[in-house]
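Here are some notes for your review. Please read them with the model open beside you.

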Amino acid sequence: MLTKRIIPCLDIKDGRTVKGTNFVNLRDAGDPVALAAIYAEEGADELVFLDITATVDERKTLIELVRNVAHTINIPFTVGGGISSVADVSALLNAGADKISINSSAVRNPDLINQLALEFGSQCVVVAIDTRFVNGEHIVHTHGGRKPTELRTIAWARELENRGAGEILLTSMDTDGTKAGFALELTAQISGAANIPVIASGGAGTMDHFVDVFTTGKADAGLAASIFHFKEIGIPDLKGYLREKGIEMRITS
């Protein structure tokens, strides 16, 4: 069995880490560089950095901040927000990112997924899916969850794999920030529909929620933000608990 990963997420707005509920009511969660250093030290397997207003503001990701975070950590680092071209990805990789995450640009131009996979390799390309349950169906949303699309989430996940994406970052907007647990049924459906790793995001509130998402949800990684930012759950404690429950965790130095 492949080892599971624990991934803190830094949602960035105006250069600060923020966290909300259901993608709204954002509150400050601290300095991203300092938080990144703490998470790397505590044994996080990877780190995700999402510039959540870059697409809405029609600007590029904050390169200098990415560079500062990259210099601070020694774990794989994924960056997303405002990425729409091969040149954007080159700039972020040169600034220290290991992988990039696209969402709105992938929906707008699905061929971009193919281009990035060809240019940089699938292992570098994470496609994020922000999804909400609407009128009985899971629907893909873009622009930081602000714009619904006509894409059905499970079919879109299959297409991402076919186009060369290396991972899917699946965020349930319905559970995001609620701390009531991940969207297990949807996560399991996506994990079953696509043969690439699925990072589950949205709803973590207890250690048992991670147990559930790795077993029932069949996720490859669990991503969370506020429970780590506000020190409700420590990463070493979480990984120890998961090992006690028989879940294989990646060993970090």
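The points below cover helix packing, salt bridges and one histidine.

1. Basis. This is a predicted model, in which local features need pLDDT of at least 70, side-chain atom pairs count only at pLDDT 80 or more, and totals for chains, interfaces and linings use all residues. Residues are numbered from 1 along each chain as its sequence is written, and side-chain values use heavy atoms, with hydrogens and water left out.

2. H8 against H10. Helix H8 spans residues 207-215 and helix H10 residues 235-244; their axes come within 10 Å and cross at roughly 50 degrees. Helices here are DSSP runs (H or I, at least four residues), strands are E runs of at least two, and both are numbered from the N terminus. Axes are lines fitted to C-alpha atoms, for helices over the stretch in contact, with angles from 0 to 180 degrees between N-to-C directions. H8 and H10 are therefore oblique to each other. Oblique is what remains after roughly parallel (under 35 degrees), roughly antiparallel (over 145) and roughly perpendicular (65 to 115). The crossing of H8 and H10 is right-handed, meaning that the near helix is turned clockwise from the far one by less than a right angle.

3. Residues in that contact. H8 contributes Met207, Asp208, Phe210, Val211 and Phe214, which meet Asp237, Leu238, Tyr241 and Leu242 of H10. Contact means heavy atoms within 4.5 Å. By class, the H8 contact with H10 has seven nonpolar, no polar and two charged residues. Nonpolar covers Ala, Val, Leu, Ile, Met, Phe, Trp, Tyr, Cys and Pro; charged covers Asp, Glu, Lys and Arg; the others, Gly among them, are polar.

4. H6 against H7. H6 and helix H7 (residues 184-193) pack at about 35 degrees, with axes 9 Å apart. This crossing of H6 and H7 is right-handed. Thr153, Ile154, Ala157, Arg158 and Glu161 in H6 meet Leu186, Gln189, Ile190 and Ala193 in H7. The residues of this contact divide into five nonpolar, two polar and two charged.

5. Lys239 pairs with Asp45, the closest N and O atoms being 2.9 Å apart. Lys239 lies in helix H10 and Asp45 in the loop between helix H1 (32-42) and strand S4 (47-51), so the pair ties together parts 194 residues apart in sequence. Both Lys239 and Asp45 are buried. Buried means under 20% relative accessible area, exposed over 50%, and partly exposed in between (1.4 Å probe, protein chains only).

6. Partly exposed pairs. Asp111 forms a salt bridge with Arg163, with closest N and O atoms 2.9 Å apart. Asp111 lies in helix H5 (residues 111-120) and Arg163 in helix H6 (residues 153-163), so the pair ties together parts 52 residues apart in sequence. Asp111 is partly exposed at 42% relative accessibility, as is Arg163 at 22%. Glu137 forms a salt bridge with Arg152, again with closest N and O atoms 2.9 Å apart. Glu137 is in strand S8 (residues 137-142) and Arg152 in strand S9 (residues 147-152), 15 residues apart.

7. A network. Arg5, Glu46, Lys99 and Glu167 are linked by salt bridges.

8. His209. His209 touches Lys179, Ala180, Gly181, Phe182, Gly203 and Ala204, not counting residues up to four places away in sequence.

Conventions
Salt bridge = Lys/Arg side-chain N within 4 Å of Asp/Glu carboxyl O.
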